[in-house]
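Visitor: I'd like to talk through this model with you. Could you take me around it piece by piece?

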Amino acid sequence: MPYHRYRPAHERVSLPGGGARSWPSARIERAPLWVPVDLRDGNQALAEPMGTDRKRRLFDLQVALGFKEIEVAYPSASRTDFEFVRHLAGAVQRGEVPEDVTVVVFTPARRDLIERTFAAIEGLPRAVVHLYAATAPVWRDVVLGRSRDEVRAMVEDAARLMVKLGGDREGLRFQFSPEVFNLTEPDFVLELCDALTGLWDASPDRPVTLNLPATVEIATPNVYADQIEYMHRNLARRDAVILSVHPHNDRGTGVACAELAVLAGAQRVEGCLFGNGERTGNVDLVTLALNLYTQGVDPMVDFSDIDEVRRTVEHCNRLPVHERHPYGGELVHTAFSGTHQDAISKGLDAHARRARELGVPEREAPWDVPYLPVDPADLGRSYEAVIRVNSQSGKGGVAHLLRAHRGLDLPRELRAEFARVVQTATDDSGGEADAELLWSLFESAYLAPGTDGESVRLADWRADQVDGAAGGEYRFVGALTVHDRPGDYEGTGPGPVSAFTRALAAAGVEVTVLDYAEHATSTGADAPAAAYVKCRVGERVVWGAGLAPATLTASVRAVLSAVNRAL
Ligand SMILES: CC(=O)SCCNC(=O)CCNC(=O)[C@H](O)C(C)(C)COP(=O)(O)OP(=O)(O)OC[C@H]1O[C@@H](n2cnc3c(N)ncnc32)[C@H](O)[C@@H]1OP(=O)(O)O
Ligand SMILES: CC(C)C(=O)C(=O)O
Ligand SMILES: [Mg+2]
């Protein structure tokens with residue numbers, strides 16, 4: 001590959017002065033103003049741009065999520081976009097849009113298109129008109145065919161026209177974007193921006209938004225941060241400027257660029273939900289907002305039902321969101337691998353314990369679960385999808401699913417034994433074992449072992465405490481069929497299980513119970529019981545399990561399960 005055709009960023013952009021920068025040691029302690037541009041920048045990148053219905057649906061979603069400034073259209077681009085702004089003007093007048101929400105419309109620096117833009121916002125009580133012009137050298141030379149002075153004249157003419165068309169209108173503000181800011185000479189951007197804030201008479205009461213796009217990413221995020229900090233420190237009328245950024249994602253570092261830009265002084269970030277947009281997309285506002293959230297900072301937008309947000313965005317864009325997309329992708333809270341599942345399962349248990357100790361609901365307890373940077377429940381996700389089992393999984397994940405879906409809390413050794421059963425099945429199928437499949441594997445391995453011709457069958461049994469016996473001796477009496485030879489047998493022992501093993505011994509089946517556990521499978525007096533026993537049957541050591549309404553029956557079934565598995 002001819003890499004020598006490309007030049008490193010430092011040969012293409014350089015900052016005057018260099019040196020002092022404060023962003024590396026800054027922290028983000030509050031959310032910037034997020035401005036979704038899905039309905040303009042995102043929309044212009046779709047094969048089938050949105051019509052009024054889809055645009056309105058996305059707009060309503062953005063309002064519901066809490067965005068306060070929303071770029072809604074490029075009204076001079078198409079009838080569809082123009083009509084959408086007219087539609088919104090009607091909606092605002094009918095009181096369908098909250099009063100603290102402002103719409104932004106986008107225009108190039110061309111007289112006819114600016115006039116059309118102002119016609120679109122007629123009757124809107126609050127709006128931002130966003131002017132853009134290409135300012136970077138290659139764009140000046142190749143696209144516009146204008147010198148720096150000519151570009152400045154073009155931008156100033158456009159800005160004056162905007163003042164003429166709406167300068168004294170209450171509720172109207174202006175915004176400027178020097179296109180491909182990150183490739184433009186810093187002194188030229190400064191010159192243009194200062195000219196515009198002067199021409200538009202920016203004041204703290206009526207600030208101008210200066211939006212500095214990384215239209216095409218070309219460098220590592222620290223370079224963008226330096227460029228933003230340079231503007232932050234050198235802009236005139238700084239207190240009358242809302243410093244905004246607009247990263248794209250060509251190098252896959254749009255999120256990093258936006259975060260470093262905020263550290264460097266940006267107050268406003270434009271982007272799209274789940275990162276739709278030109279080429280590799282605009283920066284993803286969902287990721288940015290939730291990155292803040294998971295640092296304990298109020299993101300000022302609400303993603304507590306992230307799947308609904310994703311579905312709506314997918315519907316409106318007619319584009320899928322990748323399964324691995326940060327925070328919102330189908331699979332991002334799911335672990336398939338054994339050691340991750342084990343850690344998550346232990347982490348969730350520890351979290352529940354911590355909440356109990358603190359006396360707070362689990363949703364309020366501090367979050368510290370391995371491999372899960374955010375509590376899926378905070379995003380409206382259930383824990384069910386967190387752990388999924390395939391051939392890469394181990395006992396932790398298998399045990400977690402059986403507990404979550406069937407209330408079975410297997411003893412540690414049994415987990416390992418059953419995990420091997422599951423591993424064989426998933427290796428054979430090459431696929432996933434969902435909760436249903438796990439249950440049927442458990443049933444056939446433990447609850448009905450050898451059903452087609454069980455070696456030992458039990459019918460008509462009872463286990464009673466022997467009256468007056470010291471220490472509460474038990475007698476077990478039952479009809480046992482061993483290798484198709486039926487007979488009535490009995491045995492006594494200090495507990496019902498040992499009494500049963502003696503009856504088995506009388507029938508010729510030597511069983512020693514090595515370990516035993518039992519529990520209710522849910523809460524409540526009627527909860528079915530589960531019992532697990534580890535037995536030596538002849539030369540073999542195996543686990544058995546039993547489920548029944550009563551603990552005693554579950555225990556007897558567990559021994560029988562072990563015996564049949566061994567034989
Ligand atoms: C980085 C960004 O996202 S910028 C936004 C890009 N978005 C879009 O382009 C979507 C909507 N665009 C459109 O519908 C059309 O391009 C229109 C209606 C704006 C203009 O259409 P047309 O008049 O047919 O022009 P065309 O689409 O070919 O655009 C190129 C022209 O715009 C000029 N131009 C490009 N940017 C600007 C600007 N910011 N201000 C003024 N003129 C500009 C180019 O120099 C070129 O002019 P030329 O024809 O004299 O060489
Ligand atoms: C803000 C505008 C000009 C834009 O979409 C970009 O530069 O990417
Ligand atoms: Mg853009």
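Visitor: Which residues is asparagine 282 in contact with, leaving aside its neighbours within four places in sequence?

Guide: Asparagine 282 is in contact with Val37, Asp41, Gly42, His248, Gly271, Cys272, Gly275, Asn276 and Gly277, where contact means that two C-beta atoms, placed from the backbone, lie within 7 Å. This is a predicted model, in which local features need pLDDT of at least 70 and side-chain atom pairs count only at pLDDT 80 or more, while totals for chains, interfaces and linings use all residues. Residues are numbered from 1 along each chain as its sequence is written, and chains are lettered from A and ligands numbered from 1 in the order in which they are written.

Visitor: Is asparagine 282 buried or exposed?

Guide: Asparagine 282 counts as buried because it has 28 C-beta neighbours inside 10 Å; the cut-offs are 20 or more other C-beta atoms within 10 Å for buried, 12 or fewer for exposed, and partly exposed in between. Asparagine 282 sits in the loop between strand S8 (268-271) and helix H11 (285-293), with helices (H or I, at least four residues) and strands (E, at least two) taken as DSSP runs numbered from the N terminus.

Visitor: And what does aspartate 41 touch?

Guide: Not counting residues up to four places away in sequence, aspartate 41 touches Cys272, Gly277, Glu278 and Asn282. Aspartate 41 belongs to helix H2 (residues 38-42), and it counts as buried because 24 C-beta neighbours fall inside 10 Å.

Visitor: Which residues does the UniProt "binding site" annotation cover?

Guide: The unreviewed UniProt entry annotates Asp41, His246, His248 and Asn282 as "binding site", bearing in mind that such annotations may be inferred rather than shown by experiment. They span 242 residues in sequence, yet no two of their C-alpha atoms are more than 10.4 Å apart, so they gather at one spot.

Visitor: Switching topic, which residues of H16 are buried?

Guide: In helix H16 (residues 435-447) they are Leu438, Phe442, Ala445 and Tyr446. Seen down the axis of H16, these fall within an arc of 75 degrees, so they line one face of the helix; the arc is that of the directions from the helix axis to the C-beta atoms.

Visitor: What covers them?

Guide: The cover includes helix H14 (395-406), helix H15 (412-429), strand S14 (540-548) and helix H18 (551-566).

Visitor: Last one: in what order do the strands of the open sheet run?

Guide: The order is S9-S10-S11, with antiparallel pairing, where strands pair if DSSP finds at least two bridges between them. The edge strands, each pairing on one side only, are S9 (456-465) and S11 (485-493).
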